Amino acid sequence: MIDIEQLGNILGVSTLAGSLIAQVPQILQILQSKNVTGLSFNGFSIEIFSLTIQVLYFIAQEYKFLAYADIAVLLVQDYLIVLLIMLYGTGLSFKEYGHVVAYIASVTSVIFGTVTKEMIVLVMQGVVFLNIISKITFVSSILATKDTSSMSPAGWVIFVYSNAVRIFCWLRDIGRHDNSDAARSKLYLQPHHHSAYLEIQGPSK
C-alpha cells in the first residue's frame, strides 16, 4: 500500500520529468503556426525573471545541480518562447524593450559581482509574487485578445497537473510539520512544477 509520502515522491518525480518538456509543445505549436497571438511577452518576461532568481538562489546556496536542473531547463525553454514571440509578433513596445534591458542589466550585475549572495536570498522571498503576477498577466492577455489559437493544449495540461501536484506536496509537508530547508524552499518553487529533488538533494557544502 502506497502511503502519502511515497505518493508525493512518485508524483514529484513525474512532474520533474514533465518539466523537462513542459514548454516544448508550446514551442512546436508556435513554430508550426507562426502565430503568437494571445501569448504574453510580459508574462513570459516576468516568469523568466522568477526562474532566473531561483537558479541564482540555488547556485548561491551551493545546491547540487540536480536540485535546480529542471528550473534551468524550463528557463531555456522560456528564452526560446520569448525569442519566437519577438520573431513572429508585431513588435515590442517601449515597456517590453525596457523589460529586456532590465533583465540583461540584472544578469550582468550578478556576473560582475555587483549583486551579493545575501541580496539574491532576499530577492528570493518575492518569487512567489512574481509567479502570481505572471499568471495574471497571461490570463489578461488571453482575455484581451480572445484568441487561444497559438496556445498548446498539451502545455496547459502539463501546467495544470504539475501545479496540482505542487499543491498536494505542499499540503503534505504542512501535515507532517516538515521544517527542513528543503520544505521551506518549496514555497518558492517555479510556476510549472514541483521539484522532487528538493527533498533528496541538499546543499553540496
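Does Phe44 count as buried or exposed, and at what relative accessibility? Phe44 counts as buried, at 5% relative accessibility. The views below come from a predicted model.

View 1. The protein has nine helices and zero strands. From the N terminus on, its elements run α-α-α-α-α-α-α-α-α. Of the 205 residues in the protein, 42% are buried. The protein exposes about 10800 Å², and carbon and sulfur atoms supply 72% of that area. Among contacts with a separation of 6 or more, 86% are between residues 24 or more positions apart.

View 2. Phe44 lies in helix α3 (residues 41–60) and Phe138 in helix α7 (residues 127–145), so the pair ties together parts that are 94 residues apart in sequence. Phe138 has a relative accessible area of 12% and is buried, because the cut-off for buried is under 20%.

**View 3. Phe65 and Tyr68 form another aromatic pair.** The pair of Phe65 and Tyr68 is edge-to-face, with 5.3 Å from centre to centre and 80° between the planes. Tyr68 counts as buried, at 10% relative accessibility.

**View 4. Ring pairs link five residues into a cluster.** The members of this cluster are Tyr57, Phe58, Tyr63, Phe65 and Tyr68. Phe65 and Tyr68, shown in the previous view as an edge-to-face pair, both belong to the cluster.

How values were computed: Residues are numbered from 1 along each chain as its sequence is written. This is a predicted model: local features need pLDDT of at least 70, side-chain atom pairs count only at pLDDT 80 or more; totals for chains, interfaces and linings use all residues. Side-chain values use heavy atoms; hydrogens and water are left out. Helices (H or I, at least four residues) and strands (E, at least two) are DSSP runs, numbered from the N terminus. Buried means under 20% relative accessible area, exposed over 50%, partly exposed in between (1.4 Å probe, protein chains only). Rings of Phe, Tyr and Trp (its six-membered ring) pair if their centres lie within 6.5 Å; planes under 30 degrees apart count as stacked, over 60 as edge-to-face and the rest as tilted. Contact means heavy atoms within 4.5 Å. Accessible areas come from the Shrake-Rupley method with a 1.4 Å probe; for residues, only the protein chains shown count as cover.
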